[in-house]
Amino acid sequence: MTHPRAHARLIKDRLLLPLAGVLLVLAAWEATVVAYQLPAIVLPSPWAVLRALGELVRTSAFWHDVGVSLYEFAVGYAFGTVLGIACGLVMGESRAFRQAATPVVESLRFVVPFAWIPLTILWFGTSVVGKIVLVAYAVFFVMIVSTARAIAQVDPTLTRVARMLGMTPARRAIAVHLRAAAPTIASAARAAAAIGWIAVVAAEYVGASAGLGLMITNAATSLATPVVIAGMVVIGLVGAGVSALIGILARKRLEAP
Amino acid sequence: MDPKPEAAGNRRRSPHAQAWLLGAAGVAIALAAWTLLAYLLAGGGGVINRLPTPLRVARDLLRYASADLARDVLSSLRVFLLGWLGGVVCATLAGLLLGRVRLLANVFLPVVEAIRPVSSIAWVPLSIVWFGFGLTGKVFLVGLAVFLVVIVYALDGARRIPPDLVRTASMLGMNARQRFASLVLPGTLAEVLIGSRVALMAGWGTVIVAELVAADSGLGAHLIGVEQSYDVPAVMATMACFALTGFAMNALFTLAERRLMPWRSDDTLAAP
């Protein structure tokens with residue numbers, strides 16, 4: 001990187017070419033709209049989407065929808081991760097519990113969260129509770145499986161050392177195993193965030209009284225395609241932001257002594 | 001409750017039989033808890049006052065199986081297979097192009113990375129605007145979901161061809177086309193195969209959402225139908241159908257993968 005030629009090349013590869021790619025795609029998009037005279041209902045131009053986004057951001061209803069979706073996600077995610085890590089820890093520590101729970105966990109894992117959407121609507125209506133339960137369910141199964149696997153992969157030497165030092169099994173599980181498995185669990189927590197966020201959006205499509213998923217389906221029914229695409233951009237941005245935030249938080253917690 | 005993994009070997013009962021016994025006990029306990037909960041909630045109010053017993057759900061499942069189940073499953077599977085195949089083929093081609101041509105990768109990889117966080121689920125309303133409620137829109141959504149998963153594996157496979165092998169191949173006098181056919185392509189396809197299995201569940205989940213939102217045929221349409229008539233046992237029976245179909249697909253593919261790539265250890269073939 002010290003070499004000026006290498007530096008110039010890095011700028012070209014990391015900055016100029018990606019920028020060219022984005023511009024190329026936007027230009028192709030705009031050209032398609034202009035060349036085929038597409039109406040905004042079918043495919044709005046990038047500018048129309050940007051304008052729709054700008055108008056959305058200025059309304060309070062939009063921020064209410066974002067807030068509701070984020071609230072559902074945050075509460076469900078918190079419940080799901082805490083319960084999932086706790087159960088996964090017990091599964092990793094106790095052989096008997098692991099063997100007893102595996103068939104149940106594995107078969108429930110095939111009932112993907114999306115299949116639960118109609119049932120949560122029957123049980124909880126279109127309220128936020130149903131979405132919270134759904135997110136917790138989705139996150140729980142990601143966390144329990146990856147925590148149990150991470151605990152099982154902890155170096156046995158650590159277990160032996162801990163036992164030699166006279167730690168009780170409970171202390172060994174929390175102070176040694178959980179700590180050693182933390183990096184794997186942290187990356188699972190990040191993957192679970194993406195899955196949980198999508199579960200919220202999907203649940204709001206089918207039945208909700210507020211939220212981003214409802215906003216975007218309403219826009220689709222009224223054929224406001226620029227708003228639909230702007231909503232997709234927001235869903236993507238929030239999802240990426242949430243994942244990045246959880247990744248940063250997990251790394252910070254892990255680096256702290 | 002013995003947490004000593006190294007002492008587990010010298011038990012008297014065979015470990016296999018014990019695992020089966022405990023597993024069966026776990027399932028029995030779960031079913032018993034479910035039944036108990038159903039009876040407890042049947043009388044009183046509370047939020048979940050519509051929980052049927054497992055027996056009731058099983059009966060509904062049998063009734064559905066003797067009626068429209070086969071038609072609905074086939075309809076959903078058709079959507080899934082078309083989308084999955086399309087997604088895998090597109091992702092393989094894109095992965096080869098972006099993985100082997102540096103300039104294309106530098107230009108288009110950021111675009112792919114920008115689209116990836118927008119999950120295929122977020123495309124559902126747009127796909128309805130574009131394609132309506134028919135087959136095309138659902139196939140598009142499933143294909144997109146599968147593409148977004150498999151492209152990562154295809155790229156990885158195309159890029160990670162060991163340079164030593166490439167040098168050896170050119171030293172042996174292979175030309176570019178031979179190198180591609182006997183080195184790059186097999187290496188990429190092996191990774192694509194893994195990605196295709198991971199994408200099974202992503203694609204199947206997308207089928208569910210697409211059919212729930214654009215409910216005109218398939219298992220998802222049936223699920224919405226019984227939901228709207230407040231038939232909780234039938235809802236749970238349909239959920240079981242989704243799970244069983246997903247499980248069967250996964251098992252089948254794992255079997256095929258083991259046949260196609262016997263050199264991969266069982267470890268990497270374990271659940272995704």
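Modeller: Helices (H or I, at least four residues) and strands (E, at least two) are DSSP runs, numbered from the N terminus. This is a predicted model, in which local features need pLDDT of at least 70 and side-chain atom pairs count only at pLDDT 80 or more, while totals for chains, interfaces and linings use all residues. Residues are numbered from 1 along each chain as its sequence is written, and chains are lettered from A and ligands numbered from 1 in the order in which they are written.

Biologist: What elements make up chain A, from the N terminus on?

Modeller: They run α-α-α-α-α-α-α-α-α-α, which gives 10 helices and zero strands in chain A.

Biologist: Why is chain A called more spread out than a compact globule?

Modeller: The globule rule is 2.2 Å times the number of residues to the power 0.38, and the radius of gyration is taken over C-alpha atoms. For 257 residues the rule gives 18 Å, whereas chain A has 23 Å, well over that value, so chain A is more spread out than a compact globule. Its C-alpha trace spans about 75 × 65 × 30 Å along the principal axes.

Biologist: What makes B:Leu37 count as partly exposed?

Modeller: A residue is buried if 20 or more other C-beta atoms, placed from the backbone, lie within 10 Å of its own, exposed if 12 or fewer, and partly exposed in between. B:Leu37, which is in helix α1 of chain B, has 13 C-beta neighbours inside 10 Å, and therefore counts as partly exposed.
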